[in-house]
Amino acid sequence: MSSIAAATGGRPRGGVAGLLNRLAWGSGKDRRRRIGESPITPYLFILPHFAIFSAMVLFPFFLGIWISLHDSTALRDGPFVGLRWYQQLFDPSSFLFPRFWNSVWNTIIFVVISTPLLIGFGLALAVLLNQRLRGRNIFRAVYFVPWTLSVSVVGLTWWWMFNGNAGFVTLFMTDTLGWSPNWLATNPWAWITILIATLWWTIGFNTIILLAGMQAISADLYEAASIDGASKWQQFKSITLPSLRPILLLVITLQVIASFQLVGQPQLMTGGGPPSELGGETAPVLLHVLNTGFGGRRELSLAAAMALIVAAIMIVVSIVNFRLFSSERS
Amino acid sequence: MATTLDRGIAKDQPVELSTAGTGRRGGVGRVLMYVLLFVIAAFFVLPLVVVVSASLKFSAEIFTDPGILPADPGFENYAALFARAEFLTWFRNSAIVSIFGTFVTLAITSLSAYAFARIDFPFKNLLFGLMITTLVLPSVMFLVPQFKLIGDVGLYDTLPALVLPGLAGVFGVFFMRQFFLGLPVELEEAAYVDGASRLRTFMSVALPLAGPALATLAVITFLAFWNDYLWPQIICQDNCTLPAGLRLLQRQYTGDPGLVMAGATVAAIPVLIFYLVLQRYIVQSVASSGIKG
């Protein structure tokens, strides 16, 4: 019923394809049409949602491609320019090239560093909360609190925590160590603050999903292993991790996609800075797209082209990610 | 070993207290584990305390009074915020968009999901496949065209603009469809035999049974609407929601962090209360839904 159940439930092969297949074609149970029922009835059922879906998702899908082939801003519709934006974005001698790819590079670095940390700490917290402890549901609830907040609240929270003027961490370090880095305005500190804010915000989500996965593992497996004299660590390695594989795959994929969409934390905390001639050392690609399309000169067409390139990269990364982790299984 | 056998989390009770094989966990190890749990909890709670504390310090107090407990706490920042018409607008818009958006999402996705789960019709698989496909497309590629579309139909900076893209989401349809597929069809057939129409069967048989699934979807949808930051910031100017408004507030009052922190607190409080009341339920919703939508 849930995707967790779908991911863990006995569907040994097929991976994503199997899951999507089942989602699409159903279980083949009773779905017949009733005698005497109007053939348009089902269409009326899906109409309200499908109309909005068509207008806000299907149509914009094509509109986005269309806009990226023009030279339009938010203020005026420009002429058709074909693939010019794409050519320029892939041409190292173009003035658009360095800033765009710098922001892509920033994002990739963030994904590469944040994903293992968010998965690793999430796994560690899940193991901790899977112990036989009093009050662990309370701890679980506390660890999850930040996930319920808007990224704007998260960004402002850590903007103040690391603020150079009387921010909590800055003052604390100055008081105890006599020194504090200028957290938000110099690197690597700026990236570290963004990383900490992200950990704080989303780690509870990974923890809860992984914990739910751990609790679905049959106790018999551990019992058998302990009779055979397996240590805790051996049990974790040869029972917990393999059993968690489908859920880990889900969490890693979601995490990579989420990290790729980093924007609120740098936007509110560092403003993309410290500034550099490449447009900011902590500016992720989504912030660059936002600033291009909706700030300054509001270059919608250019932003649309950038967004499509980013989307293509994300889709490729997701597929590679899935292949990588699901093929190891067999 | 006993620790991993534990199945007591749902009841929050230690399942067994036998010490067999758990010698290492007793005494010191156990204390250390609780210390660790508390330190981690502090990491999650402390920033929130600092934010609320900052919000209670008025104007320059935030620079002269560094303590976590404010020397002279007061609600001046909150009074100043709520005296601003734009802040009231943000708050009102957030409330309207989240509540209205949640109700409409539940209504239209469960209707659609019911047809996909229970009725066979031409192009059904094609339509459903189309919706699945869009689920793997990153939202970034829709920002520009949605902005353009909303602008072209004259909805820039309006409430419908804030709510429309959220209503188009397909997660609710998948989620509710999976639930309806799991319901035994006999009850609905009984209603049919009694002469109920399809809509009637949906409304009075299937929907009442879907309470838990609807509640889960409502929680996830409400949080998504209340917390959305990216879309409002590009589509609103005067008619923003709180998350987008906070960004404007921060730009305008960089030198007055107390006021900005009060704004952040106001944006956080409704979800925190919501979470406090429905804590166990929300955690289970997320654990069971698996996907954020």
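A crossing of two helices counts as right-handed if the near helix is turned clockwise from the far one by less than a right angle. I wrote that down before opening the model, which is a predicted one.

**Entry 1: a helix pair in chain B**

I looked up helix 5 (residues 85-118) and helix 12 (residues 211-227) of chain B. Their axes come within 9 Å and cross at roughly 140°. Angles over 145 degrees would count as roughly antiparallel. The angle here makes helix 5 of chain B oblique to helix 12 of chain B. I then checked the hand of this crossing, and it is right-handed.

Which residues make the contact? From helix 5 of chain B I noted B:Ser94, B:Val97, B:Ser98, B:Gly101, B:Thr102, B:Thr105, B:Leu106 and B:Ser110. From helix 12 of chain B I noted B:Leu214, B:Leu217, B:Ala218, B:Thr221, B:Phe222, B:Phe225 and B:Trp226. I sorted the residues of this contact by class: eight are nonpolar, seven are polar and none is charged.

**Entry 2: chain A against chain B**

I turned to the two chains. In chain A, 95 residues are in contact with 95 residues of chain B. Which helix gives the largest share of the chain A side? I found helix 3 (residues 41-68) of chain A, with 16 residues. By class, the chain A side has 62 nonpolar, 21 polar and twelve charged residues.

**Entry 3: confidence in chain A**

I looked up the pLDDT last. Its mean over chain A is 87, and 88% of the residues reach 70 or more. Residues 1-14 of chain A have pLDDT below 50, with 27 contacts in the model beyond near neighbours in sequence. Residues 21-31 of chain A are also below 50, and there I noted 18 such contacts.

Methods: Residues numbered from 1 in each chain as written. Chains lettered and ligands numbered in written order. Predicted model: local features only at pLDDT ≥ 70, side-chain atom pairs only at ≥ 80, totals over all residues. Axes fitted to C-alpha atoms, helices over the stretch in contact; angles between N-to-C directions. Helix = DSSP H or I, 4+ residues; strand = E, 2+ residues; numbered from the N terminus. Parallel < 35°, antiparallel > 145°, perpendicular 65-115°, else oblique. Contact = placed C-beta atoms within 7 Å. Nonpolar A, V, L, I, M, F, W, Y, C, P; charged D, E, K, R; others polar. pLDDT = per-residue confidence, 0-100.
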